[in-house]
Amino acid sequence: MSRELRASDVTRDEQQLRCDIVEVGRRLYARGLIGGHEGNVSVRFGASLLITPAGAGKGFLTPDMIVRTDLEGHATDGGRASTETLMHTAVYRRRPDVHAVVHAHPPTATGFAVAGIPLDRPLIAEAVVTLGPVPIIPYGQPSTEELADNVARVICDAQALLMANHGALAVGDTLERAWERMETLEQLARVTLVARVLGREGALAGEEVARLAASRAASGYPPPACDPADRPSAKAGSPARAPAASRPGATVTLTEAELVRLVTEAVERFRS
């Protein structure tokens with residue numbers, strides 16, 4: 001009996017996740033963050049992924065259309081998984097904390113991606129907490145290993161990113177969190193655009209950014225967790241560089257994103 005109950009629980013959980021993916025697809029379409037057959041959504045489910053199908057409008061899905069694959073992206077239920085499955089599996093391999101990925105083409109944010117302008121300025125307090133800096137990755141042809149590799153190089157340090165001449169990607173520990181980040185990303189892009197049109201981007205002061213970054217974990221938005229051995233810089237063939245502390249008189253230059261990450265990690269280690 002207990003085995004039957006556990007099996008039914010698994011079935012019920014999978015059905016709920018399928019319904020959740022359908023709902024996120026509907027939201028993406030309703031909010032104008034995708035059009036046509038654009039976008040894809042996935043959730044990690046045990047040793048499997050549940051992902052939107054290829055060639056279907058994401059605003060009009062039904063739970064039975066969601067495809068189950070293994071963690072390598074091979075369909076296990078006869079469906080035809082999204083053509084961007086490689087990109088999703090690349091994220092899951094590097095980010096054990098990620099359980100959902102949302103890829104969309106939000107118009108304003110994608111405009112910044114096309115213009116080559118990252119959304120990395122701390123203009124909105126909420127976005128500093130939920131998103132952090134949003135980088136741009138180089139163009140990679142959709143549905144290719146090139147694009148998946150470009151995503152993999154950055155995702156260890158980002159909760160959302162822009163894809164040059166393509167769209168955007170957001171991740172989360174839950175599907176709701178990944179969806180929230182995608183919606184917040186487009187909101188940030190719109191506010192940034194308006195501020196630029198008005199001629200002034202009043203960024204938050206550095207100390208305020210550090211305070212907001214330090215509040216992320218307590219607010220339910222911990223920093224990205226990536227296996228250090230799986231970071232591209234740690235791979236074989238990457239040139240080794242001695243730590244700055246071992247090079248007398250060395251000058252260390254950090255980007256704002258790197259500084260915020262270091263401050264956040266230091267505060268969290270102190271609290272623990």
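At 36% relative accessibility, R31 counts as partly exposed, a label that sits between buried (under 20% relative accessible area) and exposed (over 50%), with a 1.4 Å probe and protein chains only. Its partner is E183, and the two side chains meet in a salt bridge, 2.9 Å from N to O. A salt bridge here is a side-chain nitrogen of Lys or Arg within 4 Å of a carboxyl oxygen of Asp or Glu. This pair ties together distant parts of the chain: R31 is in the loop between helix 1 and strand 1 (40-45), while E183 belongs to helix 6 (residues 175-198), 152 residues apart. Helices (H or I, at least four residues) and strands (E, at least two) are DSSP runs, numbered from the N terminus. E183 is partly exposed too, at 26%.

A word on the model itself: it is predicted, so local features need pLDDT of at least 70 and side-chain atom pairs count only at pLDDT 80 or more, while totals for chains, interfaces and linings use all residues. Residues are numbered from 1 along each chain as its sequence is written, and side-chain values use heavy atoms, with hydrogens and water left out.

In total, the structure holds 14 salt bridges. Side chains of opposite charge can pair when their charged atoms come close. R27 is partly exposed at 21%, and E23 is partly exposed at 28%. In helix 7 (residues 206-214), R211 and E208 sit 3 residues apart, again about one turn, and they form a salt bridge with closest N and O atoms 3.1 Å apart. R211 is exposed at 58%, whereas E208 is partly exposed at 31%. There is also a network of salt bridges, linking E14, R18, R68 and D77.

Next comes helix packing. Helix 2 (residues 85-94) and helix 5 (residues 145-154) pack at an angle of about 30 degrees, with axes 8 Å apart. The axes are lines fitted to C-alpha atoms over the stretch in contact, and angles run from 0 to 180 degrees between N-to-C directions. The residues making the contact (heavy atoms within 4.5 Å) are L86, M87, A90, V91 and R94 of helix 2, plus E145, L147, A148, V151 and A152 of helix 5.
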